[in-house]
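Try each one yourself before reading its solution.

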Amino acid sequence: MMLIPCPFCGKRNESEFIFGGPVVAARPDPNAVSDAEWVEYLTIAPNPLGPVQEKWWHARGCGEWLTIWRDTRTHDIVEAPNGSE
Amino acid sequence: MAQSNRRASGGRIDRNRPVRFQFNGKSYEGYEGDTLASALLANGVRVTARSFKYHRPRGIVGHGPEEPATLVELDGEDASGNRPATTVPLRDGLSARSVNCWPSPDFDVSGINQLFARFIPAGFYYKTFKWPNWHLFEPTIRKAAGLAAAPAQPPSSGHFEARHAHADVLIAGAGPAGLQAALEAGRAGKRVFIADEGTEAGGSLLNRNLTINGQPAMDWVADAVQELRGMGNVTHLQNATVWAYREHNLLIVNEREPEQGSVLERSWRVRAGEVVIATGATERAMVFADNDRPGVMLASSVQAYVNRWGVAPGQRVVLFTNNNSVYAVAADLVAAGVTVEAILDSRDTVPQEALDTAQGITVHTGTVAAGVKGHKRLRAVHAVSAKSGADTWIDCDLLGHSGGWNPTVHLWSQSRSPLRFDEDLSAFVPDAAAQACRAIGAAAGDLTLDRIVQGGLDLPYAIEPLWRVDVPGQRGKAFLDLQNDVSVSDVQLALREGYDNVEHVKRYTTGGMGIDQGKTGNINIIGTVAMQKGVPLQDVGTTTFRSPYTPVSFGAIGGLREESVLFPYRHTPVTQWNKDNGAVMYEAGARWRRPGYFPKPGEGLQEAVNRECLAVREGVGVYDGSPLGTFELKGRDVPRFLDFLYSNVMSSLKPGDGRYGLMLSDDGLILDDGVAFRLDEHRWMVSTSTGHADAVNQHMEKLLQTEFPDWQVMITTVTSQWNNATICGPRARDVMQALGTDIDLSPEAFPFMSFRDGTVAGIPARVVRVSFTGELSFEVNVAPRHMAELWAKVMEAGAPFGILPVGSESSHVLRVEKGFLSLGHEVDGTVDAYDLSMGWVMSKKKPDYLGKRSVALRREGGSTRRELVGILPGDPNRQVPEGAPLTLGGRKEATEGLVTACVWSVVNERWVGLALLENGHARHGETAHVRLKDGVIPITIAKPVFHDPDGKLLRS
Ligand SMILES: [Zn+2]
């Protein structure tokens, strides 16, 4: 069980959180993209072997949606890679 | 003879407290402080088990959790299966049976399996249990080669418990290294959590005769335990196994019999700043022909029985080794009056300090054991010179062997920290740590006491590896894994058949997959593979060490987290009234405990439901709608948020009005349906279906916090702040008037899909005109503290009109008659609003909302859709089961749809239903067919509404 850092509550047990999937590209204007681009937005999520940015909801805590960078190989919560937020 | 092998004195047992126990139906005596294994050895019981596959006779091999051979099943209050006899503390009245051997290990009909041994080679399971015939073999094999059965009953008293703890330092193991680390950390003021699997602290010191600064080492242990007990910052547990090392330094500890009283086992989840792994080392077996015979034991275990339990497992002992540790064993045996016939050492030269330790004992260097005589009782060992081949038989009744020592790295590896092969120790040892942990003592490869505790005196360790005895003329199976009966020839076969990765070898041969997880034998499998392939052990590598380190009972893992504790039921204030009035209660979504129906004495479900439904259709009924998910949304951006959230337009609503709508996910699936009301300019009330309230809350919060953080919308869950009694039926307005209200109830002043605040029966209330039954309805919402009072008053005011309480069963019938949707029935994740003839809910005006693009995209494809229809069974008295498939012409073909609901309609006096059917909208009036096991039922396809198709009643 991971320890997830909440910006309000500090490190808390994973069981207090609900997983919200990886951070994906911003939602495009659905009227301005092609069918293929729209389908890609909906269905292609990052799934790297290594650091991935994820959304977690502190549902059984303060209610904050937060993001972390998690290394999928180790479960380590890591610093954001250079150039990302 | 009673306890014939018990020494006259010595051992950490209490000779003043004899203990009676049963083993395989026979009665024996032991002492407090014994394990089942030490007591059996004290009583001279040689054959204690039969092996898994070949049913060979087996004895006790080890003295702790590494025991591979003797598994027992405990009876009575202790009922549990597959416990190594070496880890079962003896207590009065204990009753144990060996597994795998009916009727007793001495006389075993399945022993005949040995004759068929060649038919059960490596990969047997994979070669035999193949589709389509595996199920023919399975029952027979299970019977012949099973382990113990699960206990039929849970313990009759006591319970399992879970606890959480936090520590600066968690120490696994209270041997010399662990105790020393605990003292240091404890003195430094750190919060220390130290847990050890043994019933007593001391680790290997319990089994050996060592000194620290000239005093017995166990005195040092007693002092250390005493000092730790005095520290408020130290938690010290014995009989507590650290069995799992998870991510972010979470460790799970299984504490057995933690205190006198009601707790059977306690599961600790400990989050530690640093983890110190002081788990010691495990002796490994030698691999030679018939190394599984009763009387062949690990040398350190012979030593443990002599020193710790005062038991001499044999009188004339031969020792076989490739390392120094056995010489200290020999010295302890001699001191205990046991004859050591010889030491066979595979090394050509033995270090002088080792020889000095075992003065007066014959040592055959460069010599191996290549076989034994004796089937159920050891009679002699075959000693063969590895160089010359010269051989001799040495008479003996016990053979102690040592293939060297493995640091116990299970927890280390579970932490994802890698191992490296140490050539000097011929063992895998901890390499760099992957989490905040370190290994110390024998677990780190410091195998002798002098390297762990200052002033400790010990024989230096030295080893020359011998992975298996390989001399000509060896006959008989040489076992690598005693528990799963895996021999050298099995591994060789696996290699010949191409399974040469060590993980493949493990699965193909099942070597190391037993309850002991190959603690004494895995290294020899790796060694055998390395020898066969001619590569170093480092390149073969280990298999993955996974939790649990030793078996853990399901009770301990579950703890008190059984269903009613983990997921308590939700109740409304009407629960007691429901029970008092004979309601049949059950769960109806999201853990809400609700009334299903209210049968009169002697009445069945259908009669009760018909009565309730008729009341609603012809008079009046009332149901408790409190569990409906309710949210209050505040802020100036709520209108545009709701317009994005729902497929239809909500922003145009005026204060006081509401609208039904659908929520879609962005991939076009229907997430929920519900109603939104505008309370005033910036306040809204949104209701969701009961079962989806939590999911919708998550959905809304996610959107607001991750997509639109600058929008001003605040969400408050108010499901539990509002309870409601929904009065429904043609006489609903009469009941409202009888209750007394300051709200004008006329349809002109208070139309459908609006709400009014006021008082009802003197109680502050918000009355909402929605309808889930198709009848005139008033949903009277009040604060929970007023709900029971309101309910009583409604029943009283409604009595002259014949009001009845309505349960979930009737609600279901009423909504099906009206063709109202139910998520999970008609809405199953494949249908969209158009399939449900609800195209009107998909706004054309709004340029964007969740799901719009995806629904459009999917419909452009022009594929055949399953659409919502009503169904009328050809036989009006025939019910069609929910979920029944519709197939073309009722033939055995791919389905063209399914029945989603079928109820007895009180207004039509026949069965009616709903279904999803391919191109259903264009097929009204046609006949479709339900295909069932007992026949084909023709049904007429109809509009999905069987009552008040124009909706006049609900607006009345
Ligand atoms: Zn938080």
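**Exercise 1.** Find how many residue pairs are in polar contact across the interface of chain A and chain B, and work out which elements of chain A supply the side that touches chain B.

*Solution.* Keep in mind that this is a predicted model. Start with the polar contacts: 17 residue pairs turn up across the interface, counting pairs with both partners at pLDDT 80 or more. Next, look at the elements of chain A: β3 (18-22), α1 (35-43) and β4 (51-57) each put at least two residues into the side facing chain B. Of the elements, α1(A) gives the most, with 5 residues. Finally, sort that side of chain A by class: 14 residues are nonpolar, 7 polar and 7 charged.

**Exercise 2.** Count the salt bridges between chain A and chain B, then check one pair by hand.

*Solution.* The rule finds 4 across this interface. For the check, take Asp76(A) and Arg416(B): their side chains come to 3.6 Å, N to O. The cut-off is 4 Å, so the pair counts as a salt bridge.

**Exercise 3.** How much area do chain A and chain B bury between them, and which residues of chain A lose the most?

*Solution.* First, the contact itself: chain A brings 28 residues and chain B brings 25. Together the two chains bury about 2200 Å², with 48% of that on carbon and sulfur atoms. On the chain A side, Met1(A), Arg27(A) and Trp65(A) lose the most area to chain B, together making up 31% of what that side buries.

Notes:
Residues are numbered from 1 along each chain as its sequence is written. Chains are lettered from A and ligands numbered from 1 in the order in which they are written. This is a predicted model: local features need pLDDT of at least 70, side-chain atom pairs count only at pLDDT 80 or more; totals for chains, interfaces and linings use all residues. Side-chain values use heavy atoms; hydrogens and water are left out. Contact means heavy atoms within 4.5 Å. Buried area is the accessible area (1.4 Å probe) that two parts lose on being put together, summed over both. A polar contact is a pair of N or O atoms within 3.5 Å; within protein, one must be able to donate a hydrogen and the other to accept it, and residues adjacent in sequence count only if both atoms are side-chain atoms. Helices (H or I, at least four residues) and strands (E, at least two) are DSSP runs, numbered from the N terminus. Ala, Val, Leu, Ile, Met, Phe, Trp, Tyr, Cys and Pro count as nonpolar, Asp, Glu, Lys and Arg as charged, and the others, Gly among them, as polar.
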